[in-house]
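Subject: Structure handover

Hi,

Here is the structure for you to look over.

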Amino acid sequence: TSNKRTLRTLFRPSALAPPVISETSPSQKKLLAHHRTKEQQEMINHFLIDRALEVYYITMDDTDKGNAAPPVTELPSTSTVRKPLKILSFQADYFFLKKRVQSNPMVPIQQQWLRSMLAMVPQSLMLGRDRELLTEDLLKEIVKDYETSMQRCVLRRALIKPDIQELDQLEDEAPLPLLPLGLDFSSTWRNSYIKAKNQIISTLHILHPTMKTLLEFGYTAFFNCLVVDFSSSRLKGPLDCKSLKTDASLNCSKAEEEIMSTWYQRVISVFSQSEALDGVKLNQLEPFYNCVAVLLSNQLKELLQRTTEVFVKLFDPEDRSHLPLFKMDLTYDENRMEFYPSLQDLEEAILFVVDCIGQTLQNVQTIRAWQTGGTATLDAELPAHTVEWAKSTLKKSITDNLEGPKEHFKGYVENYGWLVDGTAEERINRFVAEQPSFDEYT
């Protein structure tokens with residue numbers, strides 16, 4: 001050997017570390033073999049799917065063009081079918097994964113939900129054998145719709161649908177329903193609920209103790225009170241129209257004076273004390289007094305509306321036990337018979353009571369106006385629909401109840417009208433002018 005020093009002799013070749021050899025357990029061998037088999041099977045499946053899709057695409061393409069399909073072995077070049085085959089491959093993968101997701105078991109609907117649904121159905125709709133069968137069919141339909149919806153929702157969450165236009169034509173499913181507009185379920189509602197609740201409590205003055213006191217005053221004063229009451233007028237005998245109007249006016253005025261001297265004075269005494277505004281901030285005084293005004297207005301309106309309804313009920317054609325009696329005279333004036341007062345005057349007098357009720361308690365000062373010396377009054381006017389209902393109902397009832405007097409008047413006219421309309425006098429004058437004999441006189 002030569003003693004000449006070279007690079008090969010100065011730097012010995014580096015030796016690799018010996019491989020670590022360890023024995024593989026039987027379980028590991030089995031797992032590795034299963035993994036290799038699974039990978040090989042997936043490769044085979046993809047190859048078969050791609051091959052089948054190529055054949056399917058070529059066949060369908062030629063069929064659409066009206067040409068005969070070429071043999072399977074005559075495949076076009078990869079460059080001509082790469083894009084369609086890629087789309088079809090995506091479709092096949094999507095439908096394969098979709099089928100696997102849909103085959104998974106779904107959480108069944110809870111029986112408690114079905115029982116709750118049935119509990120909301122009226123019992124009258126659950127009677128009969130046919131109804132029971134119908135109920136069973138409906139429950140089956142509900143269960144089917146629930147499972148379908150759950151399956152579609154799970155599919156939508158687990159699988160992303162490829163953005164392929166041809167895929168929409170192959171699927172026959174309707175789109176999932178959209179969430180209601182304006183509702184956001186992605187964020188929690190507790191904080192906003194607590195905030196809104198606190199805001200309502202701070203501005204909803206009806207919860208203030210003073211309002212409770214006002215409610216108690218109104219209930220005590222009005223629960224058994226009417227502005228005018230003609231329920232016992234039948235026992236007093238017939239009324240004439242003038243007396244009806246006078247009694248209505250006097251009773252309404254008397255009731256208003258009594259209410260102002262009792263109920264309204266109690267309300268004023270409450271706000272004469274500083275405790276009435278406990279907890280009310282300075283910037284909330286105006287809304288607080290507005291709430292008081294609305295509360296008092298509602299109490300007065302309820303009183304007037306209840307009085308109107310009671311008066312209208314006196315003329316109920318199905319219950320004539322409290323129907324008022326009216327005095328009417330059959331008069332003879334200027335060779336003419338007629339009622340006095342006329343039927344129109346009677347109707348006007350009855351409707352006058354409704355107007356009289358509506359004009360009561362219309363000048364009650366608001367608490368704020370009483371404190372500041374203003375002129376604002378409570379809104380105690382009867383609603384227009386209430387007045388319209390009362391008058392239309394009374395007019396119909398008056399017409400029905402006057403059928404008897406009209407027939408009575410008609411009988412007088414037919415039987416005795418010739419005595420007063422000049423017919424009898426004309427016959428007598430004609431008879432005298434003829435100068436009859438004594439026998440004809442007799």
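**Nonpolar patch**

Helix α15 (residues 403–420) supplies the largest share of the nonpolar patch, five residues. A caution before the rest: this is a predicted model. The patch lies on the surface and consists of Leu-330, Tyr-412, Val-413, Tyr-416, Trp-418 and Leu-419. Together these residues have about 530 Å² of accessible area.

Leu-330 sits in strand β1 (residues 329–332). Its relative accessibility is 33%, so Leu-330 counts as partly exposed.

**Salt bridges**

How many salt bridges are there by the distance rule? The count comes to four.

*Lys-301 and Asp-379.* The side chains of Lys-301 and Asp-379 form a salt bridge, at 3.2 Å from N to O. This pair links distant parts of the chain, 78 residues apart. Lys-301 belongs to helix α11 (residues 285–313). Asp-379 lies in the loop between α13 (367–372) and α14 (384–401). Lys-301 has 22% relative accessibility, so Lys-301 counts as partly exposed. Asp-379 is at 45% and therefore also counts as partly exposed.

*Glu-302 and Arg-306.* The side chains of Glu-302 and Arg-306 meet in a salt bridge, with 3.1 Å between N and O. Both residues are in helix α11. They are four residues apart, so about one helical turn separates them. Glu-302 is partly exposed, with a relative accessible area of 39%.

*Asp-400 and Lys-396.* Here the salt bridge joins the side chains of Asp-400 and Lys-396, at 3.3 Å from N to O. The pair sits in helix α14. Again the residues are four apart, which means a separation of about one helical turn.

Are Asp-400 and Lys-396 partly exposed or exposed? Asp-400 has 34% relative accessibility and counts as partly exposed. Lys-396 has a relative accessible area of 56% and is exposed, because the cut-off for exposed is over 50%.

**To recap**

The nonpolar patch draws five residues from helix α15, and Leu-330 comes from strand β1. Glu-302 and Arg-306 pair within helix α11, and Asp-400 and Lys-396 pair within helix α14.

Best regards

Methods: Residues are numbered from 1 along each chain as its sequence is written. This is a predicted model: local features need pLDDT of at least 70, side-chain atom pairs count only at pLDDT 80 or more; totals for chains, interfaces and linings use all residues. Side-chain values use heavy atoms; hydrogens and water are left out. Patches are made of residues with over 30% relative accessible area and no salt bridge: like charges are joined within 9 Å, nonpolar side chains (Val, Leu, Ile, Met, Phe, Trp, Tyr) within 5 Å. Accessible areas come from the Shrake-Rupley method with a 1.4 Å probe; for residues, only the protein chains shown count as cover. Helices (H or I, at least four residues) and strands (E, at least two) are DSSP runs, numbered from the N terminus. Buried means under 20% relative accessible area, exposed over 50%, partly exposed in between (1.4 Å probe, protein chains only).
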